[in-house]
Amino acid sequence: MEYLIIIISAVFVNNIVLAQFLGICPFLGVSNKVSTATGMSAAVVFVITLSTLVTYLIDHYILASLDITFMRTIVFILVIAALVQMVEIILKKISPSLYQALGIFLPLITTNCTVLGVAISVVTKEFTFGGEAHLLNLGETVVYAASSALGFGVAMVLFAGIREQLDLVSVPKAFKGTPIALVTAGILAMAFMGFSGLV
Amino acid sequence: MSKLRIIANGIIKDNPTFILVLGMCPTIGTTTSAINGMGMGLATTFVLILSNVFISLLAKMIPDKVRIPAYIVIIASFVTVLELLMQAYVPDLYAALGLFIPLIVVNCIILGRAEAFANKNTPLDSACDGIGIGLGFTLALTVIGMVRELLGNLSFFGMKLAEGGDGMLAFVLAPGGFIVLGYLMVVFRKLTQKKA
C-alpha cells in the first residue's frame, strides 16, 4: 500500500517535471516527436533507478560513516557520469538493439538534472507518504526513484503528443518555438495540478 | 572584442534565458519571488565566473578527451564551496532555494560557457564573459520572479502592495512559471529584434 502511494505521488501529484521543475531542458529539447520522447524516457527510467540505488548506498555506507556528506555533490555527479558511461559500454556489448534505441540519449543524461536531483533529494529530504515524515529506506528509495523517472516519461510523452499537433497549426511569429512550448507546458502543469490533494 | 562588449553580449545578445534557452530548471523552479530569483542568479554567477576563470587557466593542461569530466569536477568543487558559504551566511536563502543549489553543477549554462568560451579565451576575457552571462541570467530571473510575485502574491520584492488581496495563486505555482517565462520570452524577442 505504501509503495502504491509513493508511485501515485511521484508520477502524478508531485510530477518531477511539471511540479518540481527538474529536467526541463530535455523536456523542451527532445519532445518534438513521440518516438524520441519515448526513447529518452526509457533511458531516463533506467539510469535514474540505477544511479539512485548506487548513490544511496554510497551515501549511507561511505559518506555518512566518514562524516563527509558535504562532498555529496561532487561524489554523486562523478558516480552518475561514470555509471552512464558504463551502462553505455555494457549495453553496446550485451544488447545492441537496446543500445540502438537508447544509445544517442545516454550521453545527454549526465547533465539531465533529474538524475542528480532525485539522487540528492532521496538522501536529504524527508517524505511523508501517508505517515510521519521520515527519510526513505532502501526499498522506498528504489520505488521513489523509478516512479519519479516514470513521471518524467509520462510528462514527456504527453507533451510530445501535444507538440506534434501544435506543428500543424499556425502560431504567431514571435511565439514560434520555445515560447509556445512553454505556454503549452504551463497549461499541462495546470492540468496536473488537478491531482493535488490526491495523496 | 573589448571587455565591455563581452559583458554586454552576455546580457543582451546571448542572454542565457531568453535567447540561448539554457538552464531552464532553476529559471522556473526558483522564481517564485523576485528575491529568490535574484539569489539564484547571483549564486549561479558566482560559480560561473570562478569556473570560467579556472577552466580558461587549465584549458591547455587538460587533455581533450577527458575535458568534460574535468570541467564537471571543477564546477562541482565551486558549487560545494558555494553551498558551504551559503549555509553559513545566508541560511534562509539556502533553505528557500533548496535542491537547486547543488543542481548548479548540471546547469547547462556553466558547462556551455566552458565549452563555448572559456576554453579558448584568456582568463580575463572569460571572467568578463562569466560576469555578462551571469548578470543576464540574474536579470532574467529577477524579472520573472518580479512578475510572478506581483501577479501571484500582489507584492514587490517582499513588500505587500495591496492589503487583503491574495493574487492569483497559480502564478506562484508551477503553471505560472512556464506561462510567464513563455510570454516574457516573446517580449524580449520583440524588443531585441527591433534594435537589430
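A salt bridge is a side-chain nitrogen of Lys or Arg within 4 Å of a carboxyl oxygen of Asp or Glu. Between chain A and chain B, the count of salt bridges is zero. Keep in mind that this is a predicted model, in which local features need pLDDT of at least 70 and side-chain atom pairs count only at pLDDT 80 or more, while totals for chains, interfaces and linings use all residues; pLDDT is the predictor's confidence in each residue, from 0 to 100. Residues are numbered from 1 along each chain as its sequence is written, chains are lettered from A and ligands numbered from 1 in the order in which they are written, and side-chain values use heavy atoms, with hydrogens and water left out.

**Where the chains meet**

Let us look at the contact (heavy atoms within 4.5 Å). Chain A brings 35 residues to it and chain B brings 34 residues. The buried area, meaning the accessible area (1.4 Å probe) that two parts lose on being put together, summed over both, is about 3,000 Å², and carbon and sulfur atoms give 86% of it. On the chain A side, F21(A), T73(A) and L182(A) lose the most area to chain B, together 20% of what that side buries.

**Salt bridges inside chain B**

Over all chains, the structure holds five salt bridges. Here are three of them, each within chain B:

| Pair | Closest N and O atoms |
|---|---|
| R67(B) and D64(B) | 3.8 Å |
| R67(B) and E115(B) | 2.8 Å |
| D129(B) and R113(B) | 3.0 Å |

Side chains of opposite charge can pair when their charged atoms come close. D64(B), R67(B) and E115(B) are linked in a network of salt bridges. R67(B) lies in helix α4 (residues 67–89) of chain B and E115(B) in helix α6 (residues 108–116) of chain B, so their pair ties together parts that are 48 residues apart in sequence. Helices here are DSSP runs (H or I, at least four residues), and strands are too (E, at least two), numbered from the N terminus.

How open are these residues? Buried means under 20% relative accessible area, exposed over 50%, and partly exposed in between (1.4 Å probe, protein chains only). D64(B) is exposed at 58%, whereas R67(B) is partly exposed at 23% and E115(B) is partly exposed at 26%. D129(B) and R113(B) are both buried.
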